[in-house]
Amino acid sequence: MKTMLAARMHEIGGPLRLEQIPIPEPRPTDVLVAVKACGVVPNLKNVLTKWPEWFPYLPLPRLPAIFGLDVAGVVSQVGTQVHALQPGDRVYVNPARGCGSCRRCRSNEIVNCPGFTFQGYFGRGPLSQAVFDDYPYGGMSEYITAPQSALVKLPENVSFEQAARFGYLGTAYAAIRKSGARPGRSLLINGIGGALGLCAALVGLATGVTTILGTGRNQQLLDRVKNLAPRRIAVLAVGKRPVHEWASEITGTEGVDAVIDTLPPGSPSSAMQDALNALRRGGRGVNVGGVGEPLPLNVHRLMGMNIQLIGSCWFTTSEGQDLAEMAGTGTLDLSVLEHRRIPLRDVNEGLTSLQDANRGFNNFVVMP
Ligand SMILES: [Zn+2]
């Protein structure tokens with residue numbers, strides 16, 4: 001039996017153990033993907049070591065488990081009922097899994113499945129363990145299996161490292177679509193210097209959003225983001241003045257058409273509220289960030305100003321394919337990402353030594 005190297009967690013907080021395990025055979029409608037790059041959330045180590053206290057309501061896979069969310073690689077083998085993908089195809093694997101047969105899954109709404117689960121990360125419902133049992137392989141491994149319907153085909157000129165960032169890019173893209181931001185419109189990105197915020201800026205530029213306003217804490221980082229497109233991007237270091245006041249000036253007192261909140265976990269709800277106050281009448285706010293405390297929301301104001309507030313979770317494989325096409329033509333410019341490569345064999349040391357100085361511009365990837 002052929003084996004592969006995998007980093008497996010045996011206990012929460014313990015080091016990942018590098019082990020040789022059998023290479024799985026893909027089931028009839030699945031593919032086997034040779035992992036070339038796996039995206040790493042900068043605080044993955046914290047999440048994995050402090051899991052029970054941080055997210056007690058999100059089920060983890062049964063241990064030992066292989067983590068690793070955003071995989072890019074090459075199709076190595078296909079199941080007997082896979083006809084439109086071949087070994088050698090370069091792909092990104094959307095890790096969003098549903099149970100496959102509930103009403104929502106049958107409507108192609110995987111994120112709305114009661115068993116919605118991130119392969120290689122965590123679940124969101126009681127059916128999640130069954131999904132983990134079907135797809136137990138995360139990206140910190142040499143191979144993973146995945147359903148054929150979860151694959152995004154990558155153009156030749158999109159690197160595996162760039163594709164390992166599709167989780168953030170796709171989340172941003174789905175949020176921008178829900179926000180209605182498009183050419184001629186303005187979009188405020190709350191937290192534009194972070195991994196998700198920067199991706200929202202890149203996708204906003206790619207989709208033709210005319211004016212992008214971004215908030216953050218680090219002026220140096222904000223200046224770097226502004227330099228991506230100085231005539232289209234305006235930035236504000238928070239704390240200097242209220243966000244809505246600044247946004248009102250830029251938009252000729254009307255307010256912004258859309259707000260996307262990408263603030264990291266632990267951010268105060270007041271920071272989100274400040275950004276939402278920048279919406280114009282009829283505007284839309286979309287949350288993809290990690291603000292965890294309840295928002296003291298003035299729903300009477302939402303009603304009176306005809307404002308919508310929307311939660312957005314992840315993205316569809318079809319949206320991922322849109323991104324791949326945009327990146328292939330250069331419409332979506334991913335050249336600004338700075339890859340920080342961690343060899344799979346050094347994953348424990350790599351995860352503890354992640355430096356986050358460049359925030360969103362850093363792209364951490366584990367590479368077998
Ligand atoms: Zn389902």
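Helix α1 gives the largest share of the lining of the largest cavity, three residues. This is a predicted model, in which local features need pLDDT of at least 70 and side-chain atom pairs count only at pLDDT 80 or more, while totals for chains, interfaces and linings use all residues. Residues are numbered from 1 along each chain as its sequence is written, and side-chain values use heavy atoms, with hydrogens and water left out. Helices (H or I, at least four residues) and strands (E, at least two) are DSSP runs, numbered from the N terminus.

**Cavities**

- A cavity here is a set of points, on a 1 Å grid over the protein atoms alone, where a 1.4 Å probe fits but cannot get out; lining residues have an atom within 4 Å of a point.
- Searching the whole structure turns up three cavities of 30 Å³ or more, where a volume is the space filled by probe spheres set on the points, joined across faces, edges and corners.
- The largest cavity holds about 50 Å³ of space, and its lining consists of M9, G13, G14, L16, K45, L48, T49, N348 and L351.
- Two or more residues of that lining come from each of α1 (44–49) and α13 (347–352).
- By class, the lining of the largest cavity has four nonpolar, four polar and one charged residues; Ala, Val, Leu, Ile, Met, Phe, Trp, Tyr, Cys and Pro count as nonpolar, Asp, Glu, Lys and Arg as charged, and the others, Gly among them, as polar.
- The second largest cavity has about 40 Å³, and residues lining it include G68, R97, Y137 and I144.
- Six nonpolar, four polar and one charged residues make up the lining of the second largest cavity.

**The three-strand sheet**

- Three strands form an open sheet in the order β2-β1-β4, with antiparallel pairing; strands pair if DSSP finds at least two bridges between them.
- β2 (17–22) and β4 (65–66) are at the edges with a single partner strand each, so one side of each has no neighbour in the sheet.
- Two bridges join β1 (residues 3–9) to β4, and R8 is found opposite I66 in β4.

**The six-strand sheet**

- Another open sheet has six strands in the order β13-β12-β11-β14-β15-β16, with parallel pairing.
- Its edge strands, β13 (233–237) and β16 (308–311), each pair on one side only.
- Five bridges link β11 (residues 186–190) and β12 (residues 211–216), with T211 in β12 as the bridge partner of S186.

Technical notes: On a 1 Å grid over the protein atoms alone, a cavity is a set of points where a 1.4 Å probe fits but cannot get out, and a pocket is an open set with protein on both sides within 12 Å along at least five of seven lines; lining residues have an atom within 4 Å of a point.
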